[in-house]
Amino acid sequence: MSLETAPPALNFDLPEDLRVFVNSTRKWVDKEIPKDYARELERKEHEYPFELWDKLTAAGFHGLSVAEEYGGDGGDVLVQALFARELARTLGGLAWVWGLTSFAGSKSIGIYGTEQQKQRFLPAIVEGRARFSIGFTEPGGGTDVLGAMQTRADKVDGGWRVNGSKIWCSSAHVADYILLLARSDENVAKRHQGVSLFIMPADADGVEIIELRKLGMRAIGSCQVNFRDAFVPDELLLGEAGEAWYMLLPTINNERIMASSFCLGVLDGVLEDAIAYVKQREAFGHKIAEFQILQHYIADIAIMRSQAELMVLKAASLLNQGKPCHMEASMAKVVASDNACKAADLGIQILGGMGYSGDTDMQRYWRDARLWKIGPITNEMARNVIAEQLGLPRSF
Amino acid sequence: VKIAVAVKIAASLDDGATLHDGAVDPADLEWDVNEWDLYAVETALQLKEAAGEGEVVLVSVGGEQVSEGLLSCLAMGADRGIHVEVGDEAGALDSIAVARLLAAVIGPESPDIVLSGVQSSDFASAATGTALAALLGLARVAVVRAVRLDDRALEVDRELEGGLVQRLRVELPAALTIQTGINEPRYATLRSIRRAAGKRRDTITPEQLGFDEPASVAAARIGPMAEPPVRGSAEMLQGSASDVADAIASIVRARVS
């Protein structure tokens, strides 16, 4: 090595085009969907924020990860992660208004759809004409999706007849389609076999949608969906019948990275608000920013954000390159969600009574972030997966 | 129609910025396209769209930050960019120096319209656009809040004090300085950014433009910066709302009588 050669260095910088994209997105977020706007939307339980959906449509964001040939921007996992982060900085959990259709709709159809399905759905998603919900979890079980699965799809002439119930179907009450997982074959050697994915029209006869109440993300609406002899035609089967579980596995890492990116955005929002508050609030004749204990809380939030940022971007970068990242994506999800919850909790402590107030965002971040320790996979189950990847026996 | 837009990549201070020896540590600076210039770029794009044809050329004087700033404006729809690379000298250049460098690039381009923002968010001299017009020998309208292309002329509304608007008609070629709020600058989408990465971006040095060194074209030298002195003259009023109101009223009465 000659003396002129620069020492080897890891490059943590985004490429120029992505820096410009993040900057442009941040300006859009600050102007169109600032925190007080998000707060007003979120507090309206059972009122879906159609206006937010329309703003995302007008800006072309529903097409962010749709291939250019179908009218989208062709963004990859890293782009999705960066965008999800910017949205969640102000929207918190309401970022799912974008994420749900981008994941359950464009991602799944983009990967597994037939050409005909892509032509039918992807341009409609880009133009904001198709909203998707997701129907995987059942009332009888959360993480153990396959063990708890009672929903059946029976082959009939021209399609499938679906019976059963799904729970935590986000925004199903306003969705055009539900990405539905159902058992289509009982006679299989392993329970991973014989399950299928359907693009179920939400307005089909026999589909009953009941909104649930919950701690956070109130406006987004989460639903139980009951299917009684609901018919889904053959052309809305996604991928091969019976192969759904194997189709879902490659998208799991993407989903974990997306959830951890939302948590990273929440960490951004919490840190911003905490710093802004301590700089203006006075107590005992001083700005509270001068108090060491609060400085330590804020330093802790910044550390937690930095930790999550490194792990999320690393996982996204690995997935982008087609490298194995199951462990990294699971770790990022655990750390980002644990950190977002801890940070929002500290944020409330820093703001004191104002942190508990519905007129600030800390309580919203705190309520919204709590979900991500549970979904899309519990942090306990994610740790099981990490342990298994380390060669330990499967614990579940 | 050919439109040249002078774009500045302006600095802002990050949360932790402090002054040392009359200067801000470059590490404490954040860089972005000057807000006024975003409106100027959008104005250029709208004028080109209204004309149905044309070219929007961006010219920016600055250091390494310019590349990213030009890319974001190219992503809005501008056709090509020219970076006058002055390296670390950017902070030492006053408005006249910048205008001289811009004029050396824009003059040979022979644009029909030259646009810039009214001012920059960091130095706020509001001088570069006007100096540029003078150096190019162009008619100039400042603080423009509406513009319409009418064949070989522009109909322009400019902002005056007190909310008044002055309407002018100016023959091309002409130079305008653009006020914020004249339009809604478009956002760069991922696709437009990636397409813009393939657009032409030229880099030129002051030496190539015939200047010995960038600072030699400056009319003024920029001295050290300082925080404004803190004066302990604020009086904190205590008491109920009506007590405070009474106190304010008596202070005002004492000052105006």
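This is a predicted model: local features need pLDDT of at least 70, side-chain atom pairs count only at pLDDT 80 or more; totals for chains, interfaces and linings use all residues.
Two packed helices are described by the angle between their axes and the distance between the axes. In chain A, helix α1 (residues 16-32) packs against helix α4 (residues 77-91) at an angle of about 25°, and the two axes sit 10 Å apart. Angles under 35 degrees count as roughly parallel, so α1(A) and α4(A) are roughly parallel to each other. The crossing of α1(A) past α4(A) is right-handed. On the α1(A) side, the contact is built from Leu18(A), Phe21(A), Val22(A), Thr25(A), Arg26(A), Trp28(A), Val29(A) and Asp30(A). Helix α4(A) answers with Leu78(A), Val79(A), Leu82(A), Phe83(A), Glu86(A), Leu87(A), Arg89(A) and Thr90(A). Sorted by class, this contact of α1(A) with α4(A) comes to 10 nonpolar, two polar and four charged residues.

Two of the α4(A) residues in that contact, Arg89(A) and Thr90(A), turn up again around Lys35(A), which touches them both. Lys35(A) belongs to helix α2 (residues 35-43) of chain A. With a relative accessible area of 13%, Lys35(A) is buried, because the cut-off for that label is under 20%. What does the side chain of Lys35(A) make a polar contact with? The partner is the side chain of Asp273(A), at 2.5 Å. Leaving aside residues up to four places away in sequence, Lys35(A) also touches Gly269(A), Glu272(A), Asp361(A), Arg364(A) and Tyr365(A).

Most residues other than glycine have a negative phi, and most peptide bonds are trans. Against that background, the bond joining Gly375(A) and Pro376(A) is cis, with omega about 0°. Pro376(A) sits in the chain A loop between α12 (362-371) and α13 (379-389). Chain B has a cis peptide bond as well, between Leu172(B) and Pro173(B), again with omega about 0°. Here Pro173(B) falls in the loop linking β11 (165-171) and β12 (174-178) of chain B.

Ala126(B), which is not a glycine, has a phi near 55°. Its place is the loop between β8 (113-117) and α4 (128-136) of chain B. Is Ala126(B) buried, exposed or partly exposed? Its relative accessible area of 39% makes Ala126(B) partly exposed. Val143(B) likewise has a positive phi, near 55°, but Val143(B) is found in a strand, β9 (residues 139-150) of chain B.

Note on methods
Residues are numbered from 1 along each chain as its sequence is written. Chains are lettered from A and ligands numbered from 1 in the order in which they are written. Side-chain values use heavy atoms; hydrogens and water are left out. Axes are lines fitted to C-alpha atoms, for helices over the stretch in contact, and angles run from 0 to 180 degrees between N-to-C directions. Helices (H or I, at least four residues) and strands (E, at least two) are DSSP runs, numbered from the N terminus. Angles under 35 degrees count as roughly parallel, over 145 as roughly antiparallel, 65 to 115 as roughly perpendicular and the rest as oblique. A crossing is left-handed if the near helix is turned anticlockwise from the far one by less than a right angle, and right-handed if clockwise. Contact means heavy atoms within 4.5 Å. Ala, Val, Leu, Ile, Met, Phe, Trp, Tyr, Cys and Pro count as nonpolar, Asp, Glu, Lys and Arg as charged, and the others, Gly among them, as polar. Buried means under 20% relative accessible area, exposed over 50%, partly exposed in between (1.4 Å probe, protein chains only). A polar contact is a pair of N or O atoms within 3.5 Å; within protein, one must be able to donate a hydrogen and the other to accept it, and residues adjacent in sequence count only if both atoms are side-chain atoms.
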